[in-house]
Each structure stands twice: as C-alpha cells, then as structure tokens.
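Open the model in your viewer and keep the selection panel at hand. The tour goes chain by chain, then to the places where chains meet.

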Amino acid sequence: MATSIDMSLDNTFENPGRRAPLVLGGMNYGEVTDNVAHIWEMDRPPRTWYIVFSIAVVLLGILGACLFHLIMKGTGVWGNNNPVYWGFPIVNFVFWVGIGHAGTLISAILFLFRQNWRTSINRAAEAMTIFAVICAGLFPGVHIGRLWVFYWLFPVPTEHLAMWPNFRSPLLWDVFAVGTYATVSLLFWYMGMVPDIATFRDRTKSKVGKIVYSLLSLGWTGSARAWHRYEMAYTILAALATPLVLSVHTIVSFDFAVSQLPGWHATIFPPYFVAGAIFSGFAMVVTLMVPCRSLFKLEKLITIRHLENMNKIIMATGLMVGTAYGIEFFIAWYGGVSVEGFAFWNRAFGNYWWAYWIMVSCNVFIPQLFWIKWFRTNLVAMVIVCIFVNIGMWFERFVIVMSLSRDFLPSSWAMFRATEIDILMLIGSFGLFFTLFTLFCRYLPVIAISEVKNVIPHDHSHDHEDGSHGEAAAH
Amino acid sequence: MHARRPGKITSPVVSLSTSYVKLIPLGLIVGAVGLGVAFFMSLGSDNTLKRFSYSYLVTFCSLLSMCIGCLFFVTVHNLTRAGWGVTVRRIAEIIAMCTLPMFLLFMPILIPMFTGHADVYPWVEDNWTDGEPNEAFQRLKDTYLNVNWFGIRMVAYFTIWGLMAWSFFGASLRQDVTADPQLSRKMQRSATWKMIVLAATIVFSSFDLEMSLSPRWFSTMFPVYFFAGGVLSAFSVITLTSLLLQRSGRVTDEITVEHYHDLAKLMFAFVVFWGYIAFSQFMLIWYANLPEETFWFRCRMADTASTGWKYWSLLLLFGHLLIPILALMARTVRRNKTYLLFASIYLLVMHWIDHFWIIMPQYNIGSDNHITAATNPLMFNWLIDVPCAVGMIGIFVSIFCIVAADRPLVPLNDPRLEESLNYRNA
Amino acid sequence: MAHSHKPEKKKSKGPSSKLVSLVAQFDDPDSLVSACDRARREGYRKMDAYSPFPVHGIDDAIGIRRTRLPFFVLAIALCGCTFAWVLQYYVNSTDESPLFPGYKFFISGKPLGVAGIPANIPVMFELTVLSSAFAAFFGMWILNNLPRFANPLHRISRFRRATNDRFFLELNADDEKFNENRSRQQLEEWGATAIEECHLDTTDHAIPKGFKMAGVVLMFALLLPPALIYRAAGMPYPNPRLHVVPDMDWQDKFKTQTVGPNFSSDPLNPSYLFEDPQAMRRPVDNTIAREDYGMQFDEEFVNGFHGEAPSPETGGAGPNAAAAQDEVPAQPQVVEADWLKEFPSQVNVDVETIARGQQRFEIYCTPCHGYDGNGNGLVNERAVALNANGLAQWTTAKSLHDPAVKSQPVGRIFDTITHGRATMGPYKDQIPVKDRWAIVMYVRALQETGLAPPAAALPPSETAVEPK
C-alpha cells in the first residue's frame, strides 16, 4: 500500500467536497490488527506504563486505607457537617458519574448519528465510563454508614422488617439509574469487545491468554449471521443507551432539583447536568487518549482530527453549560423570589466566591481557547485545557453542594471544611480509576478493531476517499 | 451491489416554477377568510380583541417556533458538515427564511400594545396583578416586562433571525450558480457563532412570547421546552413539504426514502426529547410543590371534570408523546411515505395543541392565580381557533411561496450533494 | 497462494471424523460478497460467510432474513415497565400482603397509587431499559448459538485470520447442492485464494461417569449455603453478636433519662454542667407542642374544667402528693373545680377517636391499669409483689371500673391524665391534648362495657356517650 500525499499525518484540513480519512498511513486490515494487538503481544509494556501503574496502585492503597478507616470510625471522619450534610461524597459522586457519561455517549449517541470517527476512541471511552462509574458508586456506597446492610437499598422482601425502600425518593432513583447504567454500559462494552477478543484469541501464543480470551470471546467466529444479529443488538443497545445516558444524569440532577432549596431547585437542571457530564467526560477522554496514543503508538488510528472533533464538542458543551449558568442567573433575578436571588448572589460573591469563579473560569472561559485551531490540534495545549475543564466541573458540583452552607435559617449557616480523609479519598479514587484503566490498556483491545476496519476504505477498489466512509454522515 | 449516483440533479422539475403565482393569492384568500371568521366569532366573547389575539398568538407561536426549528436545522447541518440531508436542507432554508416576514404577522399583537388596546400580556397594564399584589415585585418585573423594551427585543429577535436565515439562504443560492465549495466552508465557520446567537435569542424570545403571559411564573427549562417542540415541528414540516412537493412532481429523484427514514428518526428522537423536557419540567415543579411555580400547572390540569384542561393535558401526554413514540418506532412506518404524510401532519397538529396548552389557560387568569373550574374553563372554540389557525397557515403558505418563488428546491451544486444522493441507511 | 493447499487434517483419532464443510478463503470483502452472491445463485442454501467485521451487502448475498430480535426486546421491555410499576405500587402504596407485607406510607405529600405516578416514572424507565438491554444482549447470544467453544472451524489454523484480515465462505456438506469436488471447483472459480476442509471429530467424547456424579454432588453442595442461611434465619443464638464496628454499637453519648456530663473527678462532690443533673434538658415552662399551638386559648379544652382552677389539694398532685387524697376522689370539703361533664366541642365523639384513644391507652396506660382497665397491668403486678416483700412502696393502680372513677366527670379524668394523681405521674408532656381526650373517651367506653373485652362493644359505647 503506497502512502500517498493525502495520507500524511495531518488530516485536519477543511475541504467541503471531501471527507477526511480516519485512519492514516494507508493501513490495511492486518496492519490495524497488528497496531492494536501489539500492546498485548509485546513482552513488556513501556516503562511509562509501569510508572503510571505503580503510582495508581499506591493511590489505590491510600483509598483502601481511607475506606478501612471510614468503615471502622464512621462517616464522622469526613468534613460533612450540619448544614452541609452532603460534602465531598456527593461532589465526588456526581463528578465521576459525569465523567462516566462520555463513553456511552461516544458509543451510543455518536453511533446513532453515524459519526464514524467514534470508532477509534469508543472502546477506551467505554472502558473509562465503567471505571468512572465504579469510582462514582463508591462514594454513596460507603456513605450509607452500615455497609453490611447495603442490600436495604434494593427492594428486598423481609418478613420481619415489613419495610421497603421509598420509591418516591430521588436517592433511590439514583440506585436504579446508576445501577442500570453500570450494567448496560458493561454489556455494551463487553459485547463490542467480543469480536476483538476473538482476534486476540486467534493471535496469541500465550497459553493462559488463549484460555482466558477463548472463554471471553464465547467462541466467536465472525459468521455473517452472527454479525447480522450482533449489529441489530448493537443498534438496539445504542438506542437504549442514548436515553439512558440522558436519564442517569437527569436523575442525578433530581437529587438536587426536586428539593426546595434555592440554587438547587431549577427546572433547567436535567439538561444542564447532562451537558456538563458530556463536557467533563469528553475532557477526560482527551486527557487519557493523548498520552495513550503516543505511548502505544496509535497515532495513525487516533488522529489529530479525532482529538480536534472532541475538542469541538467540549467547546460546544462548555457553551451550553455557560448558557445554563446565564439562564439560572437571569431567572433568579426575573423570578423575583428573594431567597433564590440571594442564593445566586451568594454563589458569585458570597462565602464560596472563589469556588464559583474557579468554576466559571475553567468551564466557560478557558474552553473558549478551542476557538483557535492551534489549541484544538496541539497535544499539550488540549490536555492542559481539558484538565482545567475537569477541575472546573469538579468545582461546579462543589459550588452546587455548598449552597447548603447558606440555608433558610441564618443561625445554622456554617462553612464546610474538608478533612484529610475527604481529600485523600478523592485522590485515591483517581488511583482506582487509573489502576483499572492501565490494566485495561495492557490486556484488552484499546481500539475497536473490527469497527475501525469498517471505516477504512476497501484498499483495492477505491483510489480516493469513499464519502460514506468518511468522518460524518449525519449531524 | 449499488451503482453510485453522480452528484447531479436529475429531477425534471426542481422549483415551484410558475404555480407559486397561483398559490400566493390562494393562501392570502384563505388567510383573510379564516381570520375574518375567527374575528367575527370572537365578537360574542367578553373581550373580542383579547379572545381573537389569544387564538392568533397560539398559531403564531406554533408557526414561529417551527421556523426557528428550521433555522436550527440549517445551522446545525452546516455546523457539523452533515452530508445526508443536503437534499432537504433547501426546504429548511426557505422555511427559516420565512421568520422575517413572520414579523409582519406579529404586528397585530405588537401594535395594540403601543396604542393601549392590548390585553394579551397582562403586564402591559399599569397596575397589573398576578396573584397577591406586591409593588416591589411588580417594579422588578416592570424593568424587564415593559412595552418599549419588549418592542425593542422583538425587533432585535426578528432582525437577527432574518439576517441569519438570509445569510445561509443567500450563500446556498449563490453556490447553486458558482458551485464554489468554499461557500460551504464559510457557512460552516459562521454557523459556530450563529448557533450561540440562535441559542440566546431562543431563550429570551421564549420568555417574552409565552412565559411572560404569566408574569409571576418562571421556569429555567422553558426555553428548552419551546426549542424541543419547535425542532420537532421543523422536522415534521420538512417531511411534509418534501412529500407534498414530490406528490406534485417536483424534486422526485433527489429526496429518497432514505432521507425520509432519517427525518422520521429525527422526528422520533425529538418526540422523545420533547417528552423528556416536558416531563422533567413538570416533575420538578410537581415534586417541589412551591406555590410560585405550581399554580401554572395547576390551572392546566385542575382535577375537576368541568375544566377540560385536565383532558387537554392528557391529550398532550398521549397524543404528543406516547402514541408517536409507538408509531414511529416501527421501521415500516418510517420508510412508508403515506404513513409519514399522516405522521407529519399529525405531529404539526399536536404542536399547535401544545402551544394552545401553553397560551390559552392564561386567558382567564391574568389577574388571579387562584382559579376554579368556573373561572378557568377550557377555552377551545371550534369556530374561533380552527379558522384562525387555518387562515394563518394559508398566509404562511403564501409567504413560503413568495420566498421560494422559482428558486431551486434542492441545492444544485453543493459539494456534498453526491454523498447525500447516495446516502443509505445501514 | 496455491489453491491446491493440502487440507490440514488435525489429529482426529482414526477414521471417525466427518467432513462438515468446505471453507474458502478470500482476500477482500468485495470478492467474498460476489462469491456469496454466486453461491446463492448456484442454489446453495446452507452456507455461511466469516469476516473480521460486518461486510455490507452480505445479508442480501447469502439471504439472511431480518432478525426478530427487536420484537423480542420490545416484549421484554413492556414486561419490565409493567413490573416496575407494579413493584412500586405494591411496596409503597398498599398495605396488602399477599406474599410480603407492603408498606403504605405518605411522604412529602405525594399521593399514592396512580396519582403519584410521576414519582414512579424514573424507576419505571430505568427498569424498562435494563430489561430490554438484557433481552437484546442475551437474546443475541442465544439466537447466535453462542457461547460455543467446540467449533470444528477453530481447528483450521488458516481460519484464525477470519478475525483479522481474511474473509471466508463456508459451504455446508449437508446442502443438497454440495458435492465435494464440484463445490471445490466452483469455489476456485469464484476467486478463493485457499480452500480448507472442515472436519468434525466424531469419536465418542462422552463425559466420564465419575465427572457427571461429581457435577451432581457439587450442584447439591452449592445449595447448602442458602439452605443453612434459611435455617439460621429467626433462630436464637446463644453467643452475643459480633460487633464489627464497636464505635457504632457503643457510641460515646448521653442518652435520655441519664445523668449528664460530670466535670468533677471527685465522686462525692460531682459537678454537672447544669443545675439539674439530667442529660436531657426539659422544655421551657409553658412550652406548647407545635400541633397544640393556639389551643391554650381554649381553656376548657386544655384544662377540662370551667372557670376557677381547682385547689391544689385536688388537682396538680405530683408523685409526692399524699396518696390518701386519691383514695377518696371527690371529697366535698375540698374546693372542687367545675369539671366538664361532656366532651368539649373540639373533640369528635366517634369510633375513630375511640380507636385512637385505645391505641394511646395501650401505649401509656396499660402498663399499670391493664388492658381492661382493672388495674392489673404488668408493672402494677410486679410492684405489688415487691410491696409484699417490703421491697417497694407502691400504691396500687386504680381500677377504672371502680364506681368512684366511674362517677367522675370526663374533665376530672382528663385532669388526672394531665397532672397525675398519687403515684401516677403527669402525662401532659407526653400526650397531646387531643389524644388525652381520646383516652378519656376510651376509658368511658371501657367503663360502659364493664369488664367485657372492649373492642366488642365499641359502637354501643359510642352511642352511650353521646346522648348525655
């Protein structure tokens, strides 16, 4: 396969008549497989992988220690107080759930919108989703206090208690929403991975690998009949996951919005939370994929154009979030309800003004840099912007939760102070996340091999780009 | 195996050709008769102009949100470099272009506000009350809701929409002649900031046009609700227009069943999205049960049998959400032109019913939130609201014909035309 | 690549292997599709294609019908949605207990049942999605006959590239049109770059009997833990329970009815935070319960008498008051208040109030006065027993059927509950005014019915009270 000039590593050009190639270097099917499978097949991963993995494991250990301490001592080790009953755990929960939205969004919504560029990044993003949801579930999970009766969260029939969970509580909706989301994401991720695991199975020379991958790939052969049903099931799962992904953060937003607390009760919350979730999730995907692609030499598959597209989505969702901030402020004034007006004034200029302005700078101002192409296409610059976005999104949840510090009764006003355990658990949750993610990178297909093969032009029959295989077919 | 079609237009007729000359007066006649009947029937009400204006506003808002929905479709289509919908984009461009003439249709609402004859918006009066009188509250509202400022905002919205629609439409028409692919790129680049401006104008116009009918009520979700319904009706009207044009032998080759399939999927998606937004808005207000918000829903679904509003709300729940979801779920429906013709008309009617539900209950409760069945009966009148709607649709068809004239109904030289013509659903 | 490549016969033991199919390799998807197309036109029906990714157009080429998976998913989705609603209705909107008791409770004013459906929609939605996702996922694998680990195709080493970069067409040997030589020729004609034979090993590989037995035993063994748990549920256990988290089980806190913090280390000279050493503070004098607010102006309702307050000898007796006074309740020489003879207008005289009264009575009064009001409550019996041994000083609880009590006006009984008599303490802080009246009404009902079980005679007692 001769490399033509168009196949150079820059595919960020704008040419309305031509779709940009999604796989560079004129790779054929075998080369795509080789490129992805080499991560698992190489004898030992690059040194950087070991460094990242060991740091992550250390942080994971810290998390474990904190959890042990927490369970032994009780939730008093956190800074949660009266009136800020919901301190860090809910902030971290919403933060991680938000990050967990990008994966399913990329795999499901972009799939339905036929955005072919998703193929190179969806697998890693889905994995990230699952790991982020695990991190998210951790916080409310340990917040329940008596961990050993966690099953009271579910409608388990008990003869002696004669009690059931309260199905009219948004916190119970959360259990169902996050549980469903984790399950469906896992099914979706695993199902998408089966053909690629079969590829690993058929290539590996390791005995253990052969057994494990054989079991995981369920005996997949790539039969046309199987593919037919597989594609149908994939479409159905995508169609289900799309409203699901919206519903999860909607329900998370209900935790706040069904209350009567000024600053929490706003009808815009559901779409605004969803936009924020996509925003932070994409930022996390970019933050992960940039080092990942250079570490494992995936530049031809995860091209600059992929990253640029994601950066554009980050900018767009950032603007949506900014618009929601604006509408909230306008309505707080227009509504003429004094407590509501005070809550918003207090957010911007009150006791947590600094958190508010960190949030606005990171979420609204800094992403505007993506209007400039250099920021969208420069690897270092985009990672820095994306890290800011994630900081900003963490602070967004912090700002919302800290509305509690100024409730209706001025005598109960109090500041929230995070304890060391709070901070260590937040850091430790990153350890859990990165441990899982580094393991995933090493042992499972990071890129959806079979899906990428579908978007590379049939090498022999086309000498120019095939429109329908290009970047985007719908919107 | 399917042969690839070249990116060339092959239909014998691609414009309205001369028949638009006949359609314009026909539409205007329908309009005059319809509005005339509606006004005549309104004479029986306690306040003729108010009753007529409310009915007028319902159809006006339905049509306007539809035009804005089309403008959104054009913007997002350019913004995302979409290829599949090139052949239906022109129809959306034309309908989006109708927003500017729609300003003339707004005059019957706007002018009486300045001459002091209007009772449509309760805040126009000097000493309006909405529930408990509260002077500080009113003064605050009056800084935003006053006639002059409202007029300025309206002029601004329509100017912005008109200019945006015109710049897309103009560039697209120029491309028909010059075949310059760079025009597509320009449209894409300008679509970025236009999207932001569009979002801002939708937010505030929805507050002004519909939310301020009840000056006390507020909901941050309302613009999204307005937008969701508008985009849904936009996809319906694009489908409907394409089907009607094809039935009359125009653009027969370019818009294929694949495009209809996609439009139907988008209709389905926005039915669900509308339901999501409507439910979230209702749910949050229902659950928190705060008096300053709940009254708005209470007067739309009061539990007494004698106010029909409860049934009107249920009509929306089933007619606007559940039935379309089930109907549009089936692939056969989405690929069948007859079903789609019915579905698009049906969804447009539902869109009108939705705006009726937003606007009409305010007719009786401008001055009092504490409504009963007796003070807030269902305001639907076959002889006022239906002729009014038919008349305005007639006028709208005339506007459409004036804008479309004998211009091509598909982009002739769009660089992505070939992709669109060869587009297939997997 | 020569097409005359020797078929790779894996070590199938002996002759017991059978040709299942011919597998032809193609190098690109388009030639696979055209080969499938030709095979179908040649009349082959039992065939399949294998590719590393879904090849477009192949469904038509080998004649795959649209799968019915979506209908299956839709059916399961509707079931999931219904189940979710029924579940929520059952557990939160009804007390019926066909299997397990439901738990009907109002919270934040949300209506029960159908009217409260908006609050049920989130869970209904989630369970619909969950059930349909399971249906799509498992339905797909079931329809595809997967997992299937023993597939003869996996024995062909060339076939490993089917998941990488090669495309295969398989013609089954049991197709009517199949003829080994002719089919092989045709495949070559259609552009196959290599052809393999796929053999099924038909040697008997039955599982040894021992394994089967072991499997059965294992399965029964797996049932043991749940069986043990089931048996253990509700069984008394002699050892104290395990304390996983001691701080939670024994918390460092002052409980009600105990002595508060003592700052002095000298046991003889304690120094408490408050003058009154109790851990719990008493409410400020004249504190009124929230629900009773406003009632203090209805004096008759709150006090149980008209006008002047009774003299201290009659009312307001605490536990330290002379017991003798209670023995003779309506002594003429004492200034007696003008007790209410009928229930005040704020109290509804009906079955509901009596039922409420019964419930409150059984909580507050039965320990001493007994369920039937005979003064034979458990506390009383125990105290009398202690009295007999000289271990306590106890005035026997009064029988409410005592004529002296029976003749008391309702206001007087109300006052007794409010302020106490003799050893009986005041209950005004524990029982709200309305409930005190309800108890009085129940006491009246008990008295009317004599010593009979009170519930039997509730309605007559109601009418008996009213006409007065």
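Select chain A. It has 16 helices and zero strands; helices (H or I, at least four residues) and strands (E, at least two) are DSSP runs, numbered from the N terminus. Its radius of gyration is 23 Å, close to the 23 Å that the globule rule gives for 475 residues, so chain A is as compact as a globular protein of that length. That radius is taken over C-alpha atoms, and the rule is 2.2 Å times the number of residues to the power 0.38.

Before going on, note that this is a predicted model: local features need pLDDT of at least 70, side-chain atom pairs count only at pLDDT 80 or more, and totals for chains, interfaces and linings use all residues. Residues are numbered from 1 along each chain as its sequence is written, while chains are lettered from A and ligands numbered from 1 in the order in which they are written.

Of its 475 residues, 56% count as buried. Buried means that 20 or more other C-beta atoms, placed from the backbone, lie within 10 Å of the residue's own; exposed means 12 or fewer, and partly exposed is in between. Now look at contacts, which are pairs of residues whose C-beta atoms, placed from the backbone, lie within 7 Å. Of the contacts in chain A with a separation of 6 or more, 80% are between residues 24 or more positions apart.

**Chain B**

Select chain B next. How many helices and strands does its secondary structure come to? The count is 15 helices and zero strands. A compact globule of 426 residues would have a radius of gyration near 22 Å, and chain B agrees, because its value is 22 Å. The C-alpha trace spans about 70 × 45 × 40 Å along its principal axes. In chain B, 49% of the 426 residues count as buried. Of its contacts between residues at least 6 apart in sequence, 84% join residues at least 24 apart.

**Where A meets B**

Show chains A and B together. Their contact takes 31 residues from chain A and 40 residues from chain B. On the chain A side, select H8 (224–257), H9 (269–295) and H10 (304–334), the elements that give two or more residues. H10(A) gives the most, with six residues. By class, this side of chain A has 17 nonpolar, twelve polar and two charged residues. Here Ala, Val, Leu, Ile, Met, Phe, Trp, Tyr, Cys and Pro count as nonpolar, Asp, Glu, Lys and Arg as charged, and the others, Gly among them, as polar.

**The sheet of chain C**

Move to chain C and colour its strands. Four of them form an open sheet in the order S2-S3-S1-S4, with antiparallel pairing. Two strands pair if DSSP finds at least two bridges between them. Which strands stand at the edges? They are S2 (47–50) and S4 (194–201) of chain C; each has a single partner strand, so one side of each is left without a neighbour in the sheet. Neighbouring strands are turned by 25 degrees against each other on average, direction ignored.

Now step through the pairs:

- S2(C) and S3(C) run antiparallel, joined by four bridges. Select C:Ala49; its bridge partner in S3(C) is C:Leu169.
- S1(C) and S3(C) run antiparallel, joined by six bridges. C:Leu22 stands opposite C:Leu171 in S3(C).
- S1 (17–26) and S4 of chain C pair in the antiparallel sense over eight bridges. C:Val23 stands opposite C:Glu196 in S4(C).

H5 (180–189) of chain C lies across S1, S3 and S4 of that chain, at about 10 degrees to S1(C). The axes are lines fitted to C-alpha atoms, for helices over the stretch in contact, and angles run from 0 to 180 degrees between N-to-C directions. S3(C) is mostly covered, with five of its six residues buried.

**Helix H3 of chain C**

Select residues 69–93 of chain C, which are helix H3. Its buried residues include C:Val73, C:Ala77, C:Gly80, C:Ala84 and C:Gln88. What covers the buried residues of H3(C) includes H8 of chain A and H4 (121–143) of chain C.

**Where A meets C**

Finish with chains A and C. The contact takes 59 residues from chain A and 60 residues from chain C. H8(A) gives the most to the chain A side, with 16 residues.

Key. Two residues are in contact if their C-beta atoms, placed from the backbone, lie within 7 Å. The expected span of a helix is 1.5 Å times one less than its number of residues.
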